[in-house]
Amino acid sequence: MNLRADHIYRTFLRLTRRLSNSQIMMLLAVVVGVLAGVGTYLFEMLLYGIKYGLTNWFPVDSAHILFLIYPAVGIILATLFVKYIVRDNISEGVTRVLYAMSSRNSRIAGHNCWTSIVGGATTIGFGGSVGPEAPIVLTGAAIGSNVGRIARLNYKHTTLLLCCGAGAALAAIFKAPITGVVFVLEILMLDITAGSVIPLLIASITATTMAFMLRGFDPILAVTLAPADAFELWQIPLFILLGVCCGLMSWYFTSTNLRVSTLFKKIDKQYKKWIVGGTVLGVLIFIFPPLYGEGYEGFTSLMHGQAEKLFDNSLFYRFSDIDWVVILFVIATMFFKVIAMASTNAAGGVGGTFAPSLFVGAFTGASIALLCNAFFDWDVSIVSFTLVGMAGVMSGVMKAPLTSIFLIAELSNGYGLFIPLMITACISFAVDYYL
């Protein structure tokens, strides 16, 4: 392995001997962007293959007993994979990236370039109610770190490539290059200088281009804002209310996650964690099928005004056309998502809180819109409130208002929602911070 690394390093020196340091970093940023884009594609294909094979054949008009079994199987497989093959902690991706930057000279083990992909896809594909973004960010950061190690860069430049990999991976999974850049600047605290930002931009754009090449130009959220969804001044009090509700949900999200994790830490045996976590998660998914996996299909259905699709494979399928049942179902799903996510991670699954925070935010916004329309007949746009709610809860949970604002704007091409996005994200951040 060392001989191979030495050979790559000598080849790298020969090819770049006439380039300046800045040019070399730009070239390496392209390499990191390409690898992060390919890694993201492989992760999504593996995840989609597992999920499609396990659930595609379920009849939509009835609940399926396998929902009670799949999540436990996924958690067990992921735990065994981590314990006997990886033999390292690969959970909490963003936290591990920050730890590597602060305490390990930005060095991340080489296995993280692929192990998070396998562990995360297995957990989520079998129904684990967590997000793929944290494993993807850790994968991208590991790619950047190891490219820096092979090129024998110093700490400063290795950290820059690590950040390029993390931002590129996030940009690739959402096809949102600006979000990847803002994420690194806001959460990973990279220096805002031309020497840092330009390689970061190059890596994010390269990874996004790879995502377009490999997965097409279709947006993650295929939502187009109609004229009826446009922001109007009279809605400002509603978006202030939404910001407060998102802040409260952010506090519920983080505090519940902590409580569930604390409860699981008191369980002394791993097999008991499997039993408890698998049972809790299986029952919740059996009753509320939108909790299966990361949940993107659920809030996409809400945005398209197709709330009845939330009831596919559900015990309540025949009640999907009753308004008050839909509202209660959406609210209950919103609260139980946090418990399902926390149980998945605490029992040994591999995943993050990024997608669950978007899920909870989407359902928070949709709940307010549905309540306004049902009780006051205000004709509030469910699409707008769902999108803005996503930014609100993510802002509070991730402590990243700028990232949440730009993410939703890029995902939906909803730049017309910038004012409500800023109002809701800032209020949610303030309320959660205060609590």
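Predicted model: local features only at pLDDT ≥ 70, side-chain atom pairs only at ≥ 80, totals over all residues.
Trainee: Let's start with charged side chains. How many salt bridges does a search of the whole structure find?

Mentor: Side chains of opposite charge can pair when their charged atoms come close. Here the search of the whole structure gives six salt bridges. One of the pairs is E297 with K51, whose closest N and O atoms are 3.0 Å apart. E297 belongs to helix α12 (residues 296–303) and K51 to helix α2 (residues 21–55), so this pair ties together parts that are 246 residues apart in sequence.

Trainee: Is K51 buried or exposed?

Mentor: K51 counts as buried because its relative accessibility is 13%, while E297, at 45%, counts as partly exposed. There is also a network of salt bridges here, linking K51, E294 and E297.

Trainee: Which parts does the pair K399 and D432 tie together?

Mentor: First the distance: the closest N and O atoms of K399 and D432 are 2.8 Å apart. K399 sits in the loop between α15 (382–398) and α16 (401–412), and D432 in helix α17 (residues 418–434), so the pair joins parts that are 33 residues apart in sequence. D432 is buried at 6% relative accessibility, and K399 is partly exposed at 38%.

Notes. Residues numbered from 1 in each chain as written. Heavy atoms only, no water. Salt bridge = Lys/Arg side-chain N within 4 Å of Asp/Glu carboxyl O. Helix = DSSP H or I, 4+ residues; strand = E, 2+ residues; numbered from the N terminus. Buried < 20%, exposed > 50% of the residue type's maximum accessible area, 1.4 Å probe, protein only.
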